[in-house]
Amino acid sequence: MTGEHLVVAKKVKMLGIVLLILLVCSLISMLGFFTLLGFFTLILVFITKKMINKCSECGAKLKAEQTECTYCGTPVYDADEQLLTELTAIARKFNEALAKGNKIGIEKYLADEYEARFNEGEYEDIYGKNALLKNARIDKNFVSYNIHDVELVDKTKDKALIHCIQTVTRRSVFEKGTYEPYIERGTIGFIRRDGRWLIVSQKTVEIDENGNEYA
């Protein structure tokens, strides 16, 4: 073999070694990527199971279809249900404070720009926060307040809107020992400020027991 042939042979050998090194590096890189991907996937699955499949109260394992914990009875809600429960409680506490003339309780749940529209037949009364506080009085005939058929119809990060039926039961001023239910179909708007939900708007229409509006 001549000197020229030896040079060519060495170059081919060097090229082969370089290609082999590149191939090995590529394989290591690919295996490393997929290994890392698999590792993070396992972590994600583990965290998800921790978040969803355990009771927030006692830590017991939950099945996907469960609505309450078998061991401690804690309800299992999704995010919308939790929000709806919270907003319903606020509406209930506000209206109970209103019926009792509790101005501190009323103000606690209202945004400054609160506006309420109460429709009774062909009449509509509009109140702002200050007017509502000014006219707040104890309703001596108040018996109970109930909110039901509540539906979350809209939500964003800091706003929410619910539809509901509200029933206020009062002692009759005309016939002793009897009670009068006042039923309203309502829309209540909420705004979130400083980590708290506040009532920002309220529109109600009085209805009869069959759900019909009064003329």
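**Salt bridges and their setting**

Tutor: Aspartate 139 and arginine 170 join their side chains in a salt bridge, with 2.8 Å from N to O (a side-chain nitrogen of Lys or Arg within 4 Å of a carboxyl oxygen of Asp or Glu). This pair links distant parts of the chain, 31 residues apart: aspartate 139 belongs to the loop between helix 4 and strand 3, and arginine 170 to strand 4 (helices, H or I with at least four residues, and strands, E with at least two, are DSSP runs numbered from the N terminus). Aspartate 139 is partly exposed at a relative accessible area of 22%, while arginine 170 is buried at 19% (buried means under 20%, exposed over 50%, partly exposed in between, with a 1.4 Å probe and protein chains only).

The model is predicted: local features need pLDDT of at least 70, side-chain atom pairs count only at pLDDT 80 or more, and totals for chains, interfaces and linings use all residues. Residues are numbered from 1 along each chain as its sequence is written, and side-chain values use heavy atoms, with hydrogens and water left out.

Lysine 129 sits in helix 4 (residues 129-134) and aspartate 112 in strand 1 (residues 110-120), so the pair ties together parts that are 17 residues apart in sequence. Lysine 129 is buried, at a relative accessible area of 8%, whereas aspartate 112 is exposed, at 63%.

Another salt bridge brings together the side chains of arginine 185 and glutamate 213, at 3.6 Å from N to O. It also links distant parts of the chain, 28 residues apart: arginine 185 is in strand 5 (residues 179-193), and glutamate 213 is in the segment after strand 6 (196-207). Arginine 185 is partly exposed, at 34% relative accessibility. Salt bridges with shared partners also unite Glu107, Asp112 and Lys129 in one network.

Strand 4 (residues 159-171) pairs with strand 3 (residues 142-155) in the antiparallel sense over 10 bridges (strands pair if DSSP finds at least two bridges between them). The two strands form a hairpin, with 3 residues between them. Within this pairing, isoleucine 147 has glutamine 166 of strand 4 as its bridge partner.

The largest nonpolar core has 26 residues, of which Phe94, Ile106, Phe190 and Ile199 touch the most other members (a core is a set of buried Ala, Val, Leu, Ile, Met, Phe, Trp, Tyr and Cys residues joined through side-chain atoms within 4.5 Å). Helix 2 (79-99), strand 1, helix 4, strand 3, strand 4, strand 5 and strand 6 each give two or more residues to this core, and its largest share, 8 residues, comes from helix 2.

Of its 215 residues, 26% count as buried. Among contacts between residues at least 6 apart in sequence, 47% join residues at least 24 apart (contact means heavy atoms within 4.5 Å).
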